[in-house]
Amino acid sequence: PVAEVYSKHGCGISDRSPYPYLHDMGPRDSRGTIYTGLEQGYRFGFVASTDHHAGYPGSYGDGRLAVLAEEKTRKDIFSAILNRRTYAVTGDKIICHFSINGFPMGSVVTKAQNREIDIAVKACDEIDKIVVFKNLTPWKIINGEMLPDRRTKYEKYKIRIEMGWGYSPERYDWNGQVRVEDGVINAVETCFRGKSILAPKPGMEDDMSINKLDNRIIEKTPSQLIWKCSTFKNQTTLHPQTNAIILDIQGNPDTRLDIQVNGKKLLMTLHELISGSRSMHMKEYVSEAVLVHRAIPESRYCIHETYMDHRVESDHDFYHVEIRQMNGQCAWISPIWFCDPDKKATYWKGKS
């Protein structure tokens, strides 16, 4: 019922997607991608998995599965997967809702002339692009640059605090705390990674401490957050090993953040973070560092749109959605098909 479209090994949506295959199994061939399977009439949902070989499930940035389930129970989660009520994300927990004529992602719907497409996205960073595809052809494009910057006096913001970098090959432990004055911490999301292991090595199964990491939130109140985590140096300039937390804050330009990490302090206002990011090294050059990303107002990370499509192009029309944030994190939402659900899908001869 589902196919893995993304993991630590890369993205298999199409040969034009981000995150190409770079491991020793070889490159990405368009004939083995998700798009080719959909072109041939197969019906399946999208999932992602970390494929993390050192025992850290859900390691940030290596792939996660999102499930639209009735309840958070084993039975309901597997029922949702079997019914393709799924979507794939690279790392950030992008909240997605996609339906047509009230039918959710993964549905197979009897043909209809009039199709009301409803899409809602709550991203974790500024939205770069959202594309609604019809039969694998872009049908509606939402560009993040065109989203209105609507700021009210008391607005919601996403603020990401990222930790890592440095030169030392040894593990580095972080103890962090942030206090918010004249504002409220509504929620927090963790972006914790395990130590990156691309492939198993002889004897690795005997080392149970590889990812015995104490990454966790210790305390959260409306005005304070305390956490701890561990990071390792970035393997290359293109392979991050940083960790982060994302604060969902309600505040105004005068809201103050008091951030303390391993005994060092950063003080700033939302007004400063709206204009740009701020960083701090733990020691001197090439030491570990903290980066407080620019504050993103809600109007730049949330959208809810409804569109109408009155054109039937084939007896096997289908729609899916792809989302990309400014920080490169992505989501791929399972398709919705308009065809006879009792008939086996036939080869779709549309444009790709």
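Visitor: On what conventions do the values rest?

Guide: Residues are numbered from 1 along each chain as its sequence is written, and side-chain values use heavy atoms, with hydrogens and water left out. As the model is predicted, local features need pLDDT of at least 70 and side-chain atom pairs count only at pLDDT 80 or more, whereas totals for chains, interfaces and linings use all residues.

Visitor: How many disulfides does the structure hold?

Guide: A disulfide is a covalent bond between the sulfur atoms of two cysteines. The criterion here is a pair of cysteine sulfur atoms within 2.5 Å. The structure holds zero disulfides. For Cys11, the nearest cysteine sulfur is that of Cys330, 7.3 Å away.

Visitor: Is Cys330 buried or exposed?

Guide: Buried means under 20% relative accessible area, exposed over 50%, and partly exposed in between, with a 1.4 Å probe and protein chains only. Cys330 is buried, at 3%, and Cys11 is buried too, at 0%.

Visitor: In what order do the strands of the open sheet lie?

Guide: Strands of a sheet pair through backbone hydrogen bonds, either parallel or antiparallel. Strands are DSSP runs (E, at least two residues), numbered from the N terminus, and two of them pair if DSSP finds at least two bridges between them. The open sheet has four strands in the order 7-6-9-23, with antiparallel pairing.

Visitor: Why is one side of strand 7 and of strand 23 left without a neighbour in the sheet?

Guide: Strand 7 (103-104) and strand 23 (302-309) stand at the edges, because each has a single partner strand. Strand 9 (residues 115-122) pairs with strand 23 over eight bridges, and Ala120 stands opposite His304 of strand 23.

Visitor: Which residues does Gln177 contact beyond its neighbours within four places in sequence?

Guide: Contact means heavy atoms within 4.5 Å. Gln177, in strand 13 (residues 172-181), touches Gln224, Leu225, Ile226, Trp227, Asp258, Ile259 and Gln260. Gln177 is buried, at 18% relative accessibility.
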